[in-house]
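Keep the structure open while you read, and click on each residue as it comes up.

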Amino acid sequence: MREELWRAFEECQQALRRGEDLESCLQRYPRLAKELRPLLELFLQLRALGGHLPPPEARARAWIRFSQELARLQSGRRRQVWRWLSPLAVAASLAVAIVSGLALTALAASRSLPDSPLYRVKLAMADVQVFITWDEEAKAALLLDQAEARQREVQKLLDQGKGVPGIALSAIRSSVGRASGILAKTGGVEAQRALELSERLGDLILRVGPRLRADAYDDYIATLTTIHNARLLLMGQGVSVRLEEVAAGLIFLEGVGRRTDDPRLWRVGQQEVWVDEATIVSGEGLVEGRVVRVLAGVGANGRLRALTVTPLALPGVELVLQGVVEEVQDDQLVVEGRRIRLLQAGMAQGVQVGDLVKVRAYMNQEGLVAAELRPITPLDMAATIIVEGAADEDLSSSQGAVTWRVGGHVFRVLPTTMVMAEGGALRKGARVRVIARQQGDVLVAERILVLESQAPLPRVVAVQGVLQGVEGRSWNVGGVQVEPPPQAPRPEPGSILRVQAVEEGGTVKATDVVVIAGPESTGMVHLRGIVSRMEEGQWTVDGTIIVVTPETKISGKPAPGSSVEVWGELQADGSVKAAFVEVLGGEQEASPTPTPTPERTPQETPTPTPTPQATPQPTPTPSSARTSASGQEASPVPAGATPTR
Amino acid sequence: MLAIALAEPLDRILQQEGALDSAERQEREIIQRAQRLDQRALAWLYECYYPRVYSYLLLQLGDAQQAEDIASETMLKMLEALPRYKFRGVPFSAWVFRIARNCLIDHRRRRGRRVEVSLDAVAEAQAQDPSPAARAEMSERYERLRRALAQLTDEQRQVVILKFVQGLDNRTIAKVLGRREGAIKSLQYRALQSLKRIMQQEGGG
């Protein structure tokens with residue numbers, strides 16, 4: 001290769017590494033461009049081979065070996081250090097630290113953004129600054145300053161319309177994670193600042209979604225999870241969200257919140273969402289019948305778990321909405337995925353799909369009602385794609401991206417994708433409307449409206465109660481007709497059973513049956529339910545009298561409405577003398593207005609069971625009421641039923 | 001663990017920005033701290049070099065498990081030999097890659113034969129683009145590169161990977177391979193010509 005060509009090739013390599021594009025490099029050497037192009041193209045292909053990072057688990061394994069070896073070496077070295085440690089050495093170390101600190105401060109002033117090659121240096125310098133800050137509280141404050149700096153940088157990239165690389169997000173993750181870890185232990189004055197900053201960063205990163213670089217998705221999910229956990233930590237919640245619970249991505253759900261039989265499982269629209277103490281709830285959070293927005297993680301098993309819950313509107317509260325009309329009918333229209341009933345028929349005359357409109361609406365028990373509707377200006381819908389069809393599969397994830405195939409099109413579902421699941425769950429067979437934008441080769445779903453979902457997956461439930469009778473192939477367990485597993489031995493009527501089952505088309509098919517206590521047994525029993533009444537020495541849990549003595553060990557702070565698990569001794573009168581009570585899910589599960597539960601003394605006849613087939617038995621066992629007296633007759637599954645999905 | 005996301009050595013980045021002095025000073029200070037077995041400095045070096053060594057080995061071996069094992073072994077040997085490292089003209093990155101190369105040679109010797117280079121694991125790991133068309137194109141490109149790289153001599157392949165994939169300069173590569181800088185340049189030239197020729201023959205040019 002000629003020296004001139006070689007030199008140009010070397011210089012172009014440097015330029016490409018700095019982020020210049022191929023064409024601008026070639027423009028610098030017009031005479032050599034023809035020979036340079038294939039060389040540089042080959043260089044780019046080869047360079048791309050180096051982008052492969054070791055899998056996190058490999059990195060972790062190697063680090064464990066490395067740090068074990070380091071510990072071994074350090075234990076041998078420490079003795080030598082002590083021998084040589086002198087005031088002079090201490091003074092010298094301090095001097096080095098101070099000089100380094102000054103140099104680093106100057107370097108950290110660099111204005112590079114995350115898309116610059118210098119940015120990695122900036123982060124490394126910032127980290128060394130943390131490294132030489134010994135005081136824990138000062139270190140936390142510095143980390144928060146750095147997180148704020150990273151926040152401004154990401155915002156600047158967004159303002160400039162640039163993509164956001166993973167390094168910017170992982171830097172935020174590192175700073176926030178480390179700062180919250182320190183502040184949770186020290187409880188310093190910076191804790192409140194950290195909490196507010198985490199909230200702002202969470203909002204910012206959610207906005208990053210559509211501008212995320214393709215290789216930054218893992219960092220994106222991990223950063224949102226870390227920020228969420230930092231908030232929980234700073235709020236004093238002793239829980240966190242595991243990465244596998246959001247492994248398949250994050251989605252937004254919006255709809256009316258409805259309780260299910262399980263206090264931790266809610267329906268938002270028709271989509272089931274797990275809500276527990278790791279869910280951060282704004283305002284009054286999930287209240288039956290209220291419209292809420294839920295940011296939910298999609299777990300590796302497909303289960304949705306709520307990270308945050310924000311109430312959107314209260315009945316009677318007026319809203320002003322602006323958006324694109326997606327459907328028009330005489331008495332209703334859909335704007336930006338929200339179905340809005342019209343106060344007067346004909347209000348939407350002249351309004352067409354694709355128009356941009358402003359709607360003044362209010363909530364009532366049936367949903368949104370438009371009081372005023374005004375078109376604004378026509379919108380260019382060219383870049384927007386609206387697909388209506390049946391979902392070909394359940395939500396799936398691959399390489400960290402959530403995708404959904406609808407009507408033959410594959411849509412990428414981002415955390416910023418708004419899912420309106422009023423019409424049913426996000427499942428195979430659901431009829432949905434997807435509003436998407438083309439981004440390169442990918443269709444990114446901006447909004448998904450579930451129109452109808454008639455293909456629900458079987459619900460996994462647990463039924464606990466007394467075997468009240470057997471009718472043909474069916475057992476009556478606490479008022480619930482259960483189809484037993486084939487060849488299952490039939491327990492004696494009056495036994496207390498715990499049944500794992502699948503609910504399909506109204507039939508509860510048992511997959512596993514455990515006899516907790518025989519009909520004459522007065523041994524230990526275990527039950528779960530809602531506390532409806534608390535009096536001195538006696539509580540009522542789903543209709544069962546629980547005798548609480550000074551010897552009863554109570555974990556948590558039970559209150560009326562709390563969900564509890566009770567272990568105790570079954571008494572002859574049907575009450576349970578509690579040995580141990582555990583409050584499930586913290587205090588937020590305790591409803592200020594607990595579900596009204598018919599009270600009874602243990603000697604009374606149990607309340608009729610929820611299913612019409614049930615034949616109330618006069619047997620004075622406590623658990624005959626345990627599964628039947630929750631007041632939630634609408635469902636064939638009793639209050640004690642626990643979805644275990 | 002100290003969470004520093006530094007995937008490239010400071011000298012290579014700052015060379016482009018004219019801030020080499022500061023970077024060298026920084027890296028030298030970190031290495032000196034690491035030589036005193038300072039955990040954070042060692043974590044910094046680990047974060048910086050483990051991914052690069054892994055990537056280098058994966059391209060040589062084409063087997064993720066073997067690459068993981070030898071990268072880990074390289075890091076342990078680096079830790080063990082670190083107190084003996086001297087700032088005498090051998091860049092630190094060259095020193096680390098030389099350890100990695102020696103570990104690779106030992107591994108091949110232990111295996112008793114030269115391991116066939118297969119980049120299937122690399123191609124698989126690289127094909128993360130969600131678009132089917134882009135994925136197909138990427139997969140085809142890696143397949144062509146896989147075949148072409150496999151046909152180079154061991155030295156040519158080393159040079160190509162260290163120069164174009166890892167981004168080391170000729171002087172550093174010369175230190176890794178124990179050759180003169182001029183020899184590295186001509187190895188590069190021959191390797192590129194061979195790669196171009198092989199890929200043209202395969203119609204991917």
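1. Let's settle one term before anything else. Helices (H or I, at least four residues) and strands (E, at least two) are DSSP runs, numbered from the N terminus. With that in hand, look at B:Leu37, which lies in the loop between α2 (20-35) and α3 (39-61) of chain B. Its phi is near 60 degrees, a positive value in a residue other than glycine. B:Leu37 also counts as buried, at 7% relative accessibility. Here buried means under 20% relative accessible area, exposed means over 50%, and partly exposed is in between (1.4 Å probe, protein chains only).

2. Some housekeeping. This is a predicted model, where local features need pLDDT of at least 70 and side-chain atom pairs count only at pLDDT 80 or more, while totals for chains, interfaces and linings use all residues. Residues are numbered from 1 along each chain as its sequence is written, chains are lettered from A and ligands numbered from 1 in the order in which they are written, and side-chain values use heavy atoms, with hydrogens and water left out.

3. Now chain A as a whole. You'll find eleven helices and 28 strands in chain A. Of its 645 residues, 51% are buried. A contact means heavy atoms within 4.5 Å; take the contacts in chain A between residues at least 6 apart in sequence, and 63% of them join residues at least 24 apart. Chain A exposes about 29400 Å², with carbon and sulfur atoms supplying 52% of that area. Such areas come from the Shrake-Rupley method with a 1.4 Å probe, and for residues only the protein chains shown count as cover.

4. On to charges. How many salt bridges does the structure hold over all chains? There are 26, each being a side-chain nitrogen of Lys or Arg within 4 Å of a carboxyl oxygen of Asp or Glu. One of them joins the side chains of A:Arg31 and A:Glu4 (2.2 Å, N to O). This pair links distant parts of the chain, since A:Arg31 is in the loop between α2 (22-27) and α3 (33-48) of chain A and A:Glu4 is in helix α1 (residues 3-17), 27 residues apart. A:Arg31 is exposed, with a relative accessible area of 63%, and A:Glu4 is partly exposed, at 31%.

5. The side chains of A:Glu535 and A:Arg533 meet in a salt bridge (3.4 Å, N to O); A:Glu535 is partly exposed at 42% relative accessible area, and A:Arg533 is partly exposed at 37%. Then there is a network of salt bridges that links A:Asp145, A:Glu148, A:Glu190, A:Arg193 and A:Arg200.

6. Next, helix α8 of chain B. In chain B, the side chains of B:Asp154 and B:Arg108 form a salt bridge (3.3 Å, N to O). The two sit 46 residues apart, B:Asp154 in helix α8 and B:Arg108 in helix α5 (residues 92-111), so the pair links distant parts of the chain. B:Asp154 is partly exposed, with a relative accessible area of 25%, whereas B:Arg108 is buried, at 12%. B:Gln156 is also in helix α8 (residues 154-165) of chain B. B:Gln156 is buried, with a relative accessible area of 9%. Leaving aside residues up to four places away in sequence, B:Gln156 touches B:Leu187, B:Arg190, B:Ala191 and B:Ser194.

7. Now for the rings. A pair of aromatic rings is described by the distance of the centres and the angle of the planes. Rings of Phe, Tyr and Trp (its six-membered ring) pair if their centres lie within 6.5 Å; planes under 30 degrees apart count as stacked, over 60 as edge-to-face and the rest as tilted. Over all chains, the structure holds 13 aromatic pairs. A:Phe43 and B:Phe164 make an edge-to-face pair, 6.0 Å centre to centre with 75 degrees between the planes. That pair crosses between chains, from A:Phe43 in helix α3 of chain A to B:Phe164 in helix α8 of chain B. A:Phe43 is buried at 0% relative accessibility, and B:Phe164 is buried with a relative accessible area of 0%.

8. B:Tyr50 and B:Tyr54 form a tilted pair, 6.4 Å centre to centre with 35 degrees between the planes. Why are B:Tyr50 and B:Tyr54 separated by about one helical turn? Because they are four residues apart in helix α3 of chain B. Both B:Tyr50 and B:Tyr54 are buried.

9. One last stop, back in chain A. The charged end of A:Arg303 sits over the ring of A:Trp274, 4.3 Å from the ring's centre. To count, NZ of Lys or CZ of Arg has to be within 6 Å of the ring centre and within 35 degrees of the ring normal.
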